[in-house]
Amino acid sequence: MSHNIYIYIFVMTAVTFLIRVLPLTLIRKKITNVTLRSFLYYVPYVTLAIMTFPAILEATGSMWSGLSALIVGVLLAYFGVSLFGVAVCSCVVVFIIELIIL
């Protein structure tokens with residue numbers, strides 16, 4: 001049974017290595033396709049959003065306080081408030097909503 005873990009580690013290493021090395025070795029010239037370039041540009045942002053969105057809703061005592069903080073945070077960020085201001089206001093919203101719910 002303990003030998004299987006080495007197989008898992010090897011497969012994981014090989015897959016990670018291939019994902020990182022194959023694009024560097026197969027694509028030698030600059031990507032000129034506008035659609036592909038825009039897709040590759042937005043991949044990190046979408047990945048970050050997908051990983052953090054569920055955590056925002058589950059990090060508080062109730063889903064509603066997390067959702068309220070998310071809405072306030074998105075609106076404040078849209079209107080150009082600094083990252084610190086967005087974080088503080090979102091925390092205040094969670095605090096107030098949690099006080100109201102309890």
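What percentage of the 102 residues of the chain count as buried? The share is 13%, where buried means under 20% relative accessible area, exposed means over 50%, and partly exposed lies in between (1.4 Å probe, protein chains only).

This is a predicted model, in which local features need pLDDT of at least 70 and side-chain atom pairs count only at pLDDT 80 or more, while totals for chains, interfaces and linings use all residues. Residues are numbered from 1 along each chain as its sequence is written, and side-chain values use heavy atoms, with hydrogens and water left out.

**The whole chain**

Begin with the entire chain in a cartoon view. Its secondary structure consists of 4 helices and 0 strands, and from the N terminus the elements run α-α-α-α. Helices (H or I, at least four residues) and strands (E, at least two) are DSSP runs, numbered from the N terminus.

Along the principal axes, the C-alpha atoms occupy a box of roughly 55 × 50 × 20 Å. The radius of gyration of the chain is 21 Å, whereas a compact globule of 102 residues would have one near 13 Å; the radius is taken over C-alpha atoms, and the globule rule is 2.2 Å times the number of residues to the power 0.38.

Switch to a surface view next. The chain exposes about 8,800 Å², of which carbon and sulfur atoms supply 77%; these areas come from the Shrake-Rupley method with a 1.4 Å probe.

**Helix H2**

Select residues 34-58, which form helix H2. The 25 residues of H2 should span 36 Å at 1.5 Å a residue, and the end C-alpha atoms lie 37 Å apart, which agrees; the expected span is 1.5 Å times one less than the number of residues.

Now centre the view on Val-43, where H2 bends by about 35°. The bend is the angle between axes fitted to the seven residues ending at a residue and the seven starting there. A proline, Pro-44, follows within four residues.

At the N-terminal end of H2, select Asn-33, which caps the helix: a side-chain oxygen lies 3.1 Å from the backbone nitrogen of Thr-35.

**The loop between H2 and H3**

Move on to Gly-61, in the loop between H2 and H3. Gly-61 is exposed, with a relative accessible area of 70%. Its C-alpha atom is separated by 41 Å from that of Ile-7, 54 residues apart along the chain.

Ser-62 is also placed in the loop between H2 and helix H3 (63-78). Is Ser-62 buried or exposed? Ser-62 counts as buried because its relative accessibility is 16%. Leaving aside residues up to four places away in sequence, Ser-62 touches Leu-57, Glu-98 and Ile-101, a contact being heavy atoms within 4.5 Å.

**Helix H4**

Finally, select residues 83-101, helix H4. Its end C-alpha atoms are 27 Å apart, in agreement with the 27 Å that its 19 residues should span. Colour its buried residues, Gly-85, Val-86, Ser-90, Val-93, Val-94 and Glu-98; the buried residues of H4 pack against H3.

Leu-99 also belongs to H4, and at 55% relative accessibility Leu-99 counts as exposed. To end the tour, display the separation of the C-alpha atoms of Leu-99 and Lys-30, which is 55 Å.

Notes:
A polar contact is a pair of N or O atoms within 3.5 Å; within protein, one must be able to donate a hydrogen and the other to accept it, and residues adjacent in sequence count only if both atoms are side-chain atoms.
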